[in-house]
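Please have the sequence and the model open while reading.

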Amino acid sequence: MKLPDGWSPRTLAGMRTKLLNWFDKNQRDLPWRRTVNGARDAYQVWISEVMLQQTTVAAVVPYFERFLAAFPDVRALAAADEQRVLKLWEGLGYYRRARHLHAAAKLLVAAHNGDLPDDPDVWEPLPGVGRYILGAVLSQAFDRPLPIVEANSLRVLARLFAYPGDPREGEGKVWVWAAAETVLPAKRPGDFNQSLMELGALICTPTAPACDRCPVRDNCEAKRLGRQDQIPPKKKQPAITEVAEVGVVIRDGANVLLCQRPADAGRWQNMWEIPHAPRMEGEDVSAAAVRVARELTGFDVEPGAEIRTVRHGVTRYAITLVCVGSVLRGGAFAAGHYANAKWVAPRELGDYPVSSPQRKLMTALADPNHQPRLF
């Protein structure tokens, strides 16, 4: 990327120094930033960066600490059962990230004896490793001069150079990666990458950026033009589609039917859930419960009272899931929609990896105070 008018190599060097000095004094004390003998741990950097995709730092910290306690190194992660990995990821969402981590760990152990080398050729083919993860891990752990672009650094770069388009798509994506590469210094590239992200998280926020506290405000073209609130443009919000679903809590004695989604499911692969599906237009909830139980599991049920309504969003869908209690009346489990099914005591429901909306239902089912009402 060609530097804009007014930006000399000296200007760029000064901006880098100011930003790194600010980062040294103001960076947050995050568990994955701690060093041993002055070096960052590549495994911890990798885990943290994967968790931080689509997730806030505040949400990630407790997950990171629990994950590292269970899987302190890549060999431990590779040897783990996938269900255990998914369970520890439960609540972070985007579960494909956990599956990719697990698969990549197995490959690193098999091909490199569990080493995490300073070698882009080793990292690039790994599941879940795109340009961002590659640059984040190798720059932070090994000081490789590789750029990164994520939501915070994208915003900082767009404002710094007053990019007029949308840096999230099309030509804008090409531009922002070129900008990230142009500003990256040869020394301390990992810290510089982190400083861009930290500035975006703490100072150059999406709304009401604290320009008066920004270490590079004198270099910022968007501030000079008074356009820091308009750059980058707001994301285009997709139209939201309302979806009504029914979930069927099938009881056989004291136990509840828990079903496992198949490995090729589009979402929440290999995770467990109470069977659920969309209701047809105008369909009564009880009738829908009987139909869904038969179609998805092969069981005939007698529906009862509503247990809980769970509302959640998935991409452009706003889903209202009405969960109905029911009693098993006959039939046999038919694998097809689900890969597997188990009869589980309510107190054991917490042992299985489930999605966040399903966890709300599991919590209600496992609550002893609710047992008399539910069962």
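In this predicted model, Trp89 is a buried residue, since its relative accessible area is 0% and the cut-off for buried is under 20%. Phe67 is buried as well, with a relative accessibility of 0%.

These residues belong to the topic of ring pairs. Rings count as a pair if their centres lie within 6.5 Å, and by this rule the model has ten aromatic pairs. The ring centres of Phe67 and Trp89 are 5.9 Å apart and the planes stand at 80 degrees, so this pair is edge-to-face; the angle needed for that label is over 60 degrees. Phe67 is part of helix α3, residues 57–70, while Trp89 is part of helix α5, residues 82–89, so the contact ties together parts that are 22 residues apart in sequence.

Another edge-to-face pair is made by Trp272 and Tyr352, with 5.2 Å from centre to centre and 65 degrees between the planes. Trp272 lies in strand β3 (residues 272–273), and Tyr352 lies in the loop between β7 (340–344) and α14 (356–366). The two residues are 80 apart, and their pair links distant parts of the chain. Trp272 and Tyr352 are both buried.

Rings can also gather in a group. Trp7, Phe161, Tyr163 and Trp175 make up one aromatic cluster.

Finally, there are charges placed over rings. Arg66 has its charged end over the ring of Tyr63, at 4.8 Å from the ring centre. Arg267 lies over the face of Trp268, and the distance to the ring centre is 5.6 Å.

Definitions and conventions:
Residues are numbered from 1 along each chain as its sequence is written. This is a predicted model: local features need pLDDT of at least 70, side-chain atom pairs count only at pLDDT 80 or more; totals for chains, interfaces and linings use all residues. Side-chain values use heavy atoms; hydrogens and water are left out. Rings of Phe, Tyr and Trp (its six-membered ring) pair if their centres lie within 6.5 Å; planes under 30 degrees apart count as stacked, over 60 as edge-to-face and the rest as tilted. Helices (H or I, at least four residues) and strands (E, at least two) are DSSP runs, numbered from the N terminus. Buried means under 20% relative accessible area, exposed over 50%, partly exposed in between (1.4 Å probe, protein chains only). A charge sits over a ring if NZ of Lys or CZ of Arg is within 6 Å of the ring centre and within 35 degrees of the ring normal.
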